[in-house]
Every structure is written in structure tokens, then in C-alpha cells.
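Let's walk through this fold together, one question at a time. Have the sequence and structure open beside you.

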Amino acid sequence: MRELTLIGIRMESPNRAPVMMLRESEGYRYLPISIGSVEATAIAYEEQGLRPSRPLTHDLMRDLIEAWGVRIEAVEIVELREAVFYAELVLDNGVRVSARPSDSVALAVRLNTPIRCTEEVLREAGVATPEEEQAELERFRQFLDGVAPEDFSS
């Protein structure tokens with residue numbers, strides 16, 4: 001398993017569909033995953049420290065997990081099949097729960113949980129970035145700092 005860091009959410013043209021960008025913590029590969037606007041908003045809210053007046057679904061999931069005394073040890077992206085990514089929540093009691101990567105990452109950012117990916121998925125879907133593109137990525141990171149959750153609503 002390779003550890004990943006959430007870089008952020010970007011809007012992919014022409015449909016302006018949200019894409020979750022993950023990056024190897026030790027390496028140069030990026031893993032772009034298309035996600036829904038609801039999940040994009042949930043991730044963006046948490047990244048920016050915004051608190052809605054009522055809990056979002058992922059906040060409720062976090063609260064239930066904590067109330068039951070269970071800990072998520074990791075979020076793992078384990079498979080890519082027919083252009084669909086599959087993830088699992090790895091619980092501290094040894095149970096693995098199948099989940100979408102977007103929901104898993106929305107929980108991971110709320111619980112400060114490590115995000116991991118199999119080498120096989122990274123080989124198949126990861127995008128290696130040459131050194132000369134690092135400046136472009138830095139500009140993208142600066143853009144992400146200025147994106148508001150409202151940008152993801154329809």
C-alpha cells in the first residue's frame with residue numbers, strides 16, 4: 001500500500017465535474033478520481049473548516065463511528081474495475097467495510113485517517129508528473145486554496 005495525500009478538488013471541463021486529486025506522499029504520482037458534487041462539497045467544507053448549521057451525512061457518519069467506539073485505522077483504495085474505483089474502510093477491530101473512495105476520503109479528512117492505495121491501482125490509474133510540471137501543480141494548489149464549497153453546487 002502507498003500512502004496518499006488529498007491535494008483537493010478541482011472542476012474538470014467541459015462538464016465542470018468534480019475530480020478528487022490524491023498524491024503519493026512519497027512519490028510523484030497523482031490519482032485523479034471523478035466524484036459527485038455532494039461528496040466534493042463535503043470534502044471542501046471540511047478542508048476549509050466550514051461548519052454547516054446541521055451535520056452533513058459524513059459528519060453524521062463520523063459521529064456514529066465515534067459514538068460506537070470504533071476507530072477507522074485507514075481508508076484504502078483497493079481496486080479499479082471497469083473505470084470504477086473501490087475503497088475499503090479498515091476498522092480497528094479487523095473489519096473491512098466496502099465504500100466509495102469519495103465517501104471514504106470525506107470521512108478520512110474528518111477523522112484524520114490515513115489514505116492508502118494499492119500499487120496496482122496506482123500503476124493503472126496514477127499519473128506520473130515530470131519535474132517540469134511541478135510549477136504548474138503549485139499554481140493548481142494555489143487555485144485550490146481559493147475555491148469555495150459553493151463553487152461545487154449546481
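Helices (H or I, at least four residues) and strands (E, at least two) are DSSP runs, numbered from the N terminus. This is a predicted model, where local features need pLDDT of at least 70, side-chain atom pairs count only at pLDDT 80 or more, and totals for chains, interfaces and linings use all residues. Residues are numbered from 1 along each chain as its sequence is written, and side-chain values use heavy atoms, with hydrogens and water left out.

Q: In what order do the eight strands sit in the open sheet?
A: Strands count as paired if DSSP finds at least two bridges between them. The pairing here is mixed. Reading across, the order is S6-S5-S4-S7-S1-S2-S3-S8.

Q: Which strands stand at the edges of the sheet?
A: An edge strand has a single partner strand, so one side of it is left without a neighbour in the sheet. That applies to S6 (96-99) and S8.

Q: Which residue of S8 stands opposite Tyr 30?
A: S3 and S8 (residues 127-128) pair in the antiparallel sense over two bridges. Tyr 30, for its part, faces Val 127.

Q: What is the bridge partner of Met 20 in S3?
A: S2 and S3 (residues 29-34) run antiparallel and are joined by five bridges. Their hairpin has four residues between the strands, with Gly 27 taking a positive phi near 155 degrees. Met 20 bridges to Ile 33.

Q: At about what angle does H1 run to S1?
A: Axes are lines fitted to C-alpha atoms, for helices over the stretch in contact, and angles run from 0 to 180 degrees between N-to-C directions. H1 lies across S1 and S2. Relative to S1, H1 runs at about 115 degrees.

Q: What covers the buried residues of H1?
A: Buried means under 20% relative accessible area, exposed over 50%, partly exposed in between (1.4 Å probe, protein chains only). In H1 (residues 37-47) the buried set includes Ala 40, Ile 43 and Glu 46. The cover includes strand S1 (2-12), strand S2 (17-24), H2 and helix H3 (101-111).

Q: Is Glu 46 buried or exposed?
A: Glu 46 belongs to helix H1. Beyond its neighbours within four places in sequence, it is in contact (heavy atoms within 4.5 Å) with Arg 51, Asp 59, Val 109 and Arg 110. Since its relative accessible area is 15%, Glu 46 is buried.

Q: How many residues apart are Arg 110 and Glu 46?
A: Their side chains meet in a salt bridge at 4.0 Å, N to O, where the rule is a side-chain nitrogen of Lys or Arg within 4 Å of a carboxyl oxygen of Asp or Glu. The pair links distant parts of the chain, Arg 110 in helix H3 and Glu 46 in helix H1, at a separation of 64 residues.

Q: Which residues are linked with Glu 46 in a network of salt bridges?
A: By the salt-bridge rule, the count comes to 15. Both Arg 110 and Glu 46 are buried. The network links Glu 46 with Arg 51, Asp 59, Arg 62, Asp 63 and Arg 110.

Q: How far apart are the closest N and O atoms of Glu 88 and Arg 96?
A: Glu 88 is partly exposed, because its relative accessible area is 22%. Arg 96 counts as partly exposed too, at 41%. Their salt bridge has those atoms at 2.5 Å.

Q: Is Trp 68 buried or exposed?
A: Trp 68 sits in the loop between helix H2 (57-67) and strand S4 (72-81). Because its relative accessibility is 62%, Trp 68 counts as exposed.
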